[in-house]
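The sequence and the structure are shown first.

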Amino acid sequence: SPVRRRAGRSGLLLGILVILASTLLTSPAQAAADPTQQLAQRYAPEVVIRQQLTACGDGEPYLPTPVETVLGNPEVTLRGPQGQSVPAPTATDLQGKGDGWYLDLPGNPLAPGCTYEQWFDKAGAGKPATVYARVATDPAYPGKLVLQYWFFWVFNDWNDKHEGDWEMIQLVFDAATPDEALAGSPISAAFAQHEGSETADWTDQKVIRDGEHPVVYPGQGSHAAYYTQAQWFGKSAAAGFGCDDTQAKGVLLRPDVVVLPQTADGDFAWLDFTGRWGQKAPSFNNGPTGPNTKTQWADPVVWQVDEGRESAVALPVVGGPAVDSFCTLTAAGSLLFVEALDHPLVTGLILLAVLVGLVLLIPLVRLIVVTSTGAFDIVPPPIVTSFVPVRAAVGQRVVVAGRGLSGARLFVGN
C-alpha cells in the first residue's frame, strides 16, 4: 500500500542518516586511537630557535616548514640531468626521480645575502612550523622501535651554504609495536649533528623535557640539533668545522606533527625522491638528499650505535677573545672559500695580490727593524695561561600551562 511504501522509504532514509552520523562521530575517535599517531603526538618535540630581532640580522630567520613551502611553488623548479625543467613541481613530479635531479629555489646559495630569508617570509607565510614523524624498526635490533622526527628547512646558512636542509632526532623504545611503546617510555635519544649524532639516555639530565616532549635547540643557520643552549664546536667531513650557536634568547615553537606513511604515494610521493632538495653547487654547498637516503632511515639503531657520541664539544662558557676569534676566523675562512667557488677568478687575483704584498712587505719590515734595533729579533707573543671568569647570562624559565618541565630548566632568553 502507499502508506507502507512511504514507511519503508522513511525507514531507509533514517538508516542512512544513522550510519552517516555514526561515521562522522566515530572517525575522530578512531583517528585519535591510532597508536602511531598517539605515539608521535605524545613525544612531539618542541623547538627553540635563536631570536631574530631585526630582519636579515643575527638570529634564526627560518622555521622547520612543510615541504609544500617548496612543492607546488611557481618560483621553484625541478631540474633533471638532461636539462629537463619542471616548474612548480608537485610530490608526484618528484616520485621516482633520482641521481641528477634537484630542486632549484630562487637565489644563489654561494651568495645568499638576504634573498632566501625574504623569499621564505613570503613562501612560508601562513604555513605552521612542521615536523614529520615516522616509526621505524631495525633488522639488526629486533625488539627495538624507533620514533623519528624529521625537520625540513629551506636554507642552510652556516659555514656551508645550501638550499634545502633535512635534520632529525630519534627516540628508541624497548618495544616491538607502537602499542607496546605507548605502555612504556623511551630508553634513549639521538640528536643529529653535522656528522653522526649526540646520544643520551632518556633519563639523562641533559635531555630537557616539557612533560614528555623533548626540547630541541637547533644551531643557528646549520640547524644541527642540540640538547641545550650554548656555543658548540661543530664539524663534519662534508661541511668542515665552525661554531654552532644555540644561545639565548630563544623563541619556543611547538610544530605541527605530520605522520609519514609506509608507502610513498599521493601527497607523500616525495618520499620516493632520491635527488637533491636544493640547487647543485660546488663542494659542500650542494643541495642535500632527503631522509630516505640516510643511513638512519633503514638502519636507525645501527646508525645511533655506530655514529653516536655521548656529548658534543661545548666552547668555554666564559667566551673571551680566543673563542670569539676562533668563531670569527672559521666563519670568515668559510665565507672566503664560498666566495672563491662563486667567483674563482676574482678571489684568486685578490689572494695573489695579498701574497705578493706580503712578499714585498717582509724585506721592508726587516729593514726597519734592523735599522732601529741593530738586530732582527723575533719576540714571541705572551702566553695566556688563564681566563678571567665572568658571570654567565641568566636564562628565563618558560612556564607552560598544564605541563611541568623535567631535567634541566628550559631556557629561552635572558
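Valine 131 is buried, its relative accessible area being 0%; here buried means under 20% relative accessible area, exposed over 50%, and partly exposed in between, with a 1.4 Å probe and protein chains only. The model is a predicted one, in which local features need pLDDT of at least 70 and side-chain atom pairs count only at pLDDT 80 or more, while totals for chains, interfaces and linings use all residues. Residues are numbered from 1 along each chain as its sequence is written, and side-chain values use heavy atoms, with hydrogens and water left out.

Valine 131 belongs to strand S5 (residues 130-137). Helices (H or I, at least four residues) and strands (E, at least two) are DSSP runs, numbered from the N terminus. The C-alpha atom of valine 131 is separated by 5.9 Å from that of proline 255, although the two residues are 124 residues apart along the chain.

S8 pairs with S7 in the antiparallel sense over 4 bridges; two strands pair if DSSP finds at least two bridges between them. Within this pairing, isoleucine 169 has phenylalanine 191 of S8 as its bridge partner. S8 also pairs with strand S9 (residues 197-201), again in the antiparallel sense, over 5 bridges. Here alanine 190 stands opposite threonine 199 of S9. The hairpin of S8 and S9 has 4 residues between the strands, and histidine 194 takes a positive phi near 55° in it.

**An open sheet of three strands**

A separate description applies to S3, S2 and S4. These 3 strands form an open sheet in the order S3-S2-S4, with antiparallel pairing. Strand S3 (85-87) and strand S4 (102-104) stand at the edges, each with a single partner strand, so one side of each is left without a neighbour in the sheet. From one strand to the next, the twist averages 25°; axes are lines fitted to C-alpha atoms, for helices over the stretch in contact, and angles run from 0 to 180 degrees between N-to-C directions. Strand S2 (residues 77-79) and S4 run antiparallel and are joined by 3 bridges. Leucine 78 has leucine 103 in S4 as its bridge partner.

**Helices with a buried face**

| Helix | Residues | Buried residues |
|---|---|---|
| H2 | 35-42 | Pro35, Leu39 and Ala40 |
| H7 | 300-307 | Pro300, Val301, Trp303 and Gln304 |

Seen down the axis of H7, the buried residues fall within an arc of 160°, so they line one face of the helix. The arc is that of the directions from the helix axis to the C-beta atoms. For H2, the buried residues fall within an arc of 135° and therefore line one face of that helix.

**Backbone features in loops**

Cysteine 56 has a positive phi of about 65° although it is not a glycine. This cysteine 56 lies in the loop between strand S1 (46-50) and S2 and is partly exposed, with a relative accessible area of 41%. Alanine 88, likewise not a glycine, has a positive phi of about 45°. Alanine 88 is placed in the loop between S3 and helix H3 (91-94), and its relative accessible area of 24% makes it partly exposed.

A cis peptide bond, with omega about 0°, joins alanine 248 and lysine 249. Lysine 249 lies in the loop between strand S14 (240-245) and strand S15 (250-253).

Rolling a probe the size of a water molecule over the atoms shows where empty space is left. A cavity is a set of points, on a 1 Å grid over the protein atoms alone, where a 1.4 Å probe fits but cannot get out, and lining residues have an atom within 4 Å of a point. Grid points are joined across faces, edges and corners, and a volume is the space filled by probe spheres set on the points. By this rule, the count is 1 cavity of 30 Å³ or more. The largest cavity has a volume of about 50 Å³, and its lining consists of Phe151, Trp153, Glu167, Met168, Val216, Pro218, His223 and Ala225. Strand S6 (144-157), strand S7 (161-174) and strand S11 (213-218) are the elements that give two or more residues to this lining.

Technical notes. 1 Å grid on protein atoms, 1.4 Å probe; cavity = no way out; pocket = protein on both sides within 12 Å on 5 of 7 lines; lining within 4 Å.
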